[in-house]
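Hi everyone, thanks for coming. Today I'd like to walk you through one model, so please have a look at the screen.

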Amino acid sequence: MQEKPPAPGTPATAPTERREFLKQGCAACLGLAAVGAPVAVGVRVLLDPLHRSGGSDAFVKVTTIDSLPEDGTPVQFPVLADKRDAWTKFTQVPVGAVFLQRQGARQPLALSVVCPHAGCFVDYLEDQESFLCPCHNSFFKKDGSLKDEQSPSPRRLDTLDVEVRNKTEVWVRFQDFQLGITEKIPIA
Amino acid sequence: MMKRVLAWLDERTGLGRFAEACLFQNLPGGSRWRYVWGTLVVYVFLLQAITGFFLWTGYSPSTQTAWESIHHIQSEMAGGWMLRGLHHFGAQAFVVVLVLHLLQMVIYGIYRAPREVNFWIVMLLLPLSIAMSATGWLLPYDQHGYWASRVPIGIMGVTPVIGPMLQKFAMGGSTVGHHTLTHFLALHAGLLPLCIAGLLGFHYYLNRKHGLGDVSKDCACPDEKYFPAQFLKDAAACLAVFLVLLGFVLFPYWQNPTAVPGVHLGAPADPSEQYSAARPEWFMLFLFQFLKYFPGGTEVWGAIVIPGLVGAVVALMPFVAQWRHGHRFNVLFLGTLLAAAGILGRMAAVEDSKDETYLSAKEQSHRNAERMHQLVAERGIPPSGAAALLRDDAYTQGPKLFAKNCASCHRFDGHDGLGHKPLTTHTVRTNETWESIAEFRFMPVTALRELNPSFTGPLKPEDKIIAQVRPWGPDLKGFASREWLAGLFDPARVDGQHYFGGTKFKDGKMSKWVKKNATPEKADDIKKVVIALSAEARLKSQAVADKADAEIIKQGRALMVGDMACTDCHSFGKKDPDATGPELTGYGSRAWLIRFISNPAHADFYGKRNDRMPAFADKKILDAKQLGLLADWLRGDWYVPPKNGAK
């Protein structure tokens with residue numbers, strides 16, 4: 001509601017003018033309050049997800065070291081984890097995938113399957129020993145670094161923290177990172 | 001710059017001129033408070049659209065997610081309870097405001113030519129608003145919504161000819177399920193609001209066409225512009241309505257700041273658990289009551305034909321008003337209608353307030369709702385939906401299982417588990433007196449007489465009186481706890497109604513042993529045995545005490561195999577094939593109790609001496625899950641939320 005300023009030429013101090021102006025202001029304010037209040041309550045609820053942190057970034061067990069090829073070829077594994085989706089508590093459901101490869105006998109390397117450009121899942125091409133994104137052809141070396149400087153991806157494939165626990169279990173800290181920027185920033 | 005953009009836009013669309021024309025439309029005879037009703041109808045609709053839209057952003061219509069998403073909105077999302085509260089009360093306000101608007105139109109004769117169509121529009125809005133309310137009730141998919149919605153769906157079914165088809169179509173199948181929710185949501189948030197918005201737009205268009213004011217020409221009041229004169233009144237009224245609704249939402253916290261926030265959300269819908277307190281919204285209670293007067297097969301009259309006829313009379317009011325006294329008739333008719341609806345609604349409320357079934361269902365519903373809240377906070381909702389939480393909860397299911405399966409012989413703290421004293425009709429036999437019956441049924445004579453106020457004198461054979469069901473077995477409240485066992489070892493109580501009084505063990509070995517051995521001199525030893533035996537049960541409520549009394553328990557165990565000679569009849573520690581009494585190893589523990597209920601006539605328990613108690617598992621009366629729930633409940637083993645309410 002736009003308020004009408006007093007018409008030019010008339011003295012603003014005229015009592016009827018002033019009363020009229022006050023009335024208009026009051027009317028606009030009350031109207032705005034009556035409609036604005038429920039909107040405000042609704043917006044508060046709508047913004048609720050902003051205050052919530054995303055999934056946990058705890059380590060999850062993905063596989064065993066023995067299931068990784070000895071020659072260091074990356075293999076894609078699904079990541080299962082407990083997850084809370086709004087109201088539902090899920091136990092051990094797929095939350096994403098990860099490429100694992102051996103870097104030495106007992107040392108795994110974990111790469112995110114998500115292309116940092118636009119979020120497509122990359123494929124591993126065994127004959128070229130590199131990762132290719134099927135969406136916009138970003139090209140990565142086996143260790144995840146950019147192979148082709150002309151690739152649309154702003155950065156290399158994201159590495160994930162990985163640990164070997166109890167001698168054989170491969171645990172990965174499964175995280176998503178912000179897309180389209182040169183830095184690797186986890187999504188909270 | 002801004003002005004030029006607006007001018008350009010106005011030139012191309014005419015919106016600016018239109019807005020100005022609306023805002024500064026002339027109001028013949030000036031502003032009036034009674035003109036606010038139309039605006040209020042629009043405002044409350046807008047309020048519902050706004051709050052409804054935001055609720056929609058968090059709602060998920062399916063039988064496994066509807067209740068869950070609403071619960072999430074209400075108790076997890078910031079401000080969600082306020083949003084749902086406003087929508088809940090706003091829905092009622094819409095009907096109220098519509099009725100008052102209609103009333104205002106009739107009283108001031110605003111339905112007269114040329115405004116008949118405008119009157120009909122307001123009339124049409126009324127069933128639409130009720131349809132909104134009826135579809136909205138099911139959406140949270142709680143017990144209340146589920147059972148209350150069966151009535152409008154049922155009424156749909158009695159519609160002549162197309163009824164059954166219409167019903168199946170509305171439900172999206174033969175039973176209430178996923179498609180009922182998706183259909184109802186599409187109606188509630190799509191089609192119906194669209195119809196209402198269309199009618200409101202048409203209403204406004206006609207209003208502008210016929211002029212805003214309706215004062216008679218001879219009124220000396222000066223004209224005003226709609227803005228700000230009438231706008232101010234309208235805006236103030238809208239804000240007042242909002243504040244009243246806010247008051248309704250906040251009132252419960254002002255009364256009880258510790259309550260779970262939000263309007264009542266019952267336990268999740270369970271088609272196997274009748275909710276007998278399901279009622280329509282208060283403004284539909286009159287119809288609910290009205291339908292009580294129509295015997296089976298004639299509901300169609302009460303639900304459709306008569307309301308339809310009444311609607312027709314109201315619709316014809318603009319024409320009736322043309323006759324002499326026609327207007328007066330209209331006012332009187334509508335007034336009578338409202339009064340009748342008020343009286344019927346009030347009757348329904350009064351009948352309910354005296355109805356035991358209704359009240360206890362209501363109370364149980366509140367208990368279940370609160371329990372659900374605790375369970376969700378503790379365990380989280382499984383993918384199969386929240387209803388499973390309640391079905392797996394000993395605290396909720398235990399009493400029901402007890403009442404159904406155990407209470408014909410046992411009591412729990414004197415009642416049947418659900419708080420009722422089981423009663424039965426007793427046919428008086430020859431030689432029976434008030435006293436003998438009262439003694440047999442373990443109740444005071446005065447209580448028996450109070451149950452039968454119509455019988456004043458002595459009883460005659462074949463008289464039928466009401467009496468308590470005789471407790472044939474022990475009272476199981478606190479079974480195997482120290483208090484309970486102390487009573488068992490009390491010579492005055494062992495053959496009383498709470499223990500063996502109703503069983504054939506009344507004069508059995510245990511009873512005799514207690515009377516002989518539980519003397520004041522041996523009180524200390526008995527106490528040690530009680531504590532040791534009770535520790536076998538590993539009750540949650542005694543965990544601390546059992547730990548503290550480790551030394552006494554050791555002495556008690558020694559006494560059981562030694563001086564007290566429990567092992568003469570019972571197995572304890574090691575299996576004794578010659579034992580005649582129940583096994584005492586793990587007595588009252590979860591495993592022991594489940595095995596006992598499964599088959600009390602097993603050689604480890606009463607064997608052939610078992611007195612009438614059925615083998616609940618072996619006879620397939622209860623399944624393993626039910627046995628577990630019953631055992632957990634009897635042992636007081638269920639999730640209890642922390643006292644200080646810290647989440």
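Let's start with the overall layout of chain A. It is divided into domain 1, covering 1–52, and domain 2, covering 59–173. Please keep in mind that this is a predicted model. Taken over C-alpha atoms, the centres of domain 1 of chain A and domain 2 of chain A are separated by 55 Å.

Now to the strands. As a quick reminder, strands of a sheet pair through backbone hydrogen bonds, and they can do so either parallel or antiparallel.

In chain A you'll find an open sheet of three strands, in the order 1-10-9, and the pairing there is antiparallel. Which strands sit at the edges? They are strand 1 (59–64) and strand 9 (162–165) of chain A, each of which pairs on one side only. Going from one strand to the next, the twist averages 35°.

Let me zoom in on one pair from that sheet. Strand 1 of chain A runs antiparallel to strand 10, residues 169–173 of chain A, and five bridges link them. If you'd like a landmark, find A:Thr64: its bridge partner in strand 10 of chain A is A:Glu169.

Strand 2 (residues 75–85) and strand 3 (residues 88–102) of chain A run antiparallel and are joined by 10 bridges. Here a handy landmark is A:Ala81, which stands opposite A:Val93 in strand 3 of chain A.

Conventions
Residues numbered from 1 in each chain as written. Chains lettered and ligands numbered in written order. Predicted model: local features only at pLDDT ≥ 70, side-chain atom pairs only at ≥ 80, totals over all residues. Domains from an automatic or database assignment. Pairing = 2+ DSSP bridges. Helix = DSSP H or I, 4+ residues; strand = E, 2+ residues; numbered from the N terminus. Axes fitted to C-alpha atoms, helices over the stretch in contact; angles between N-to-C directions.
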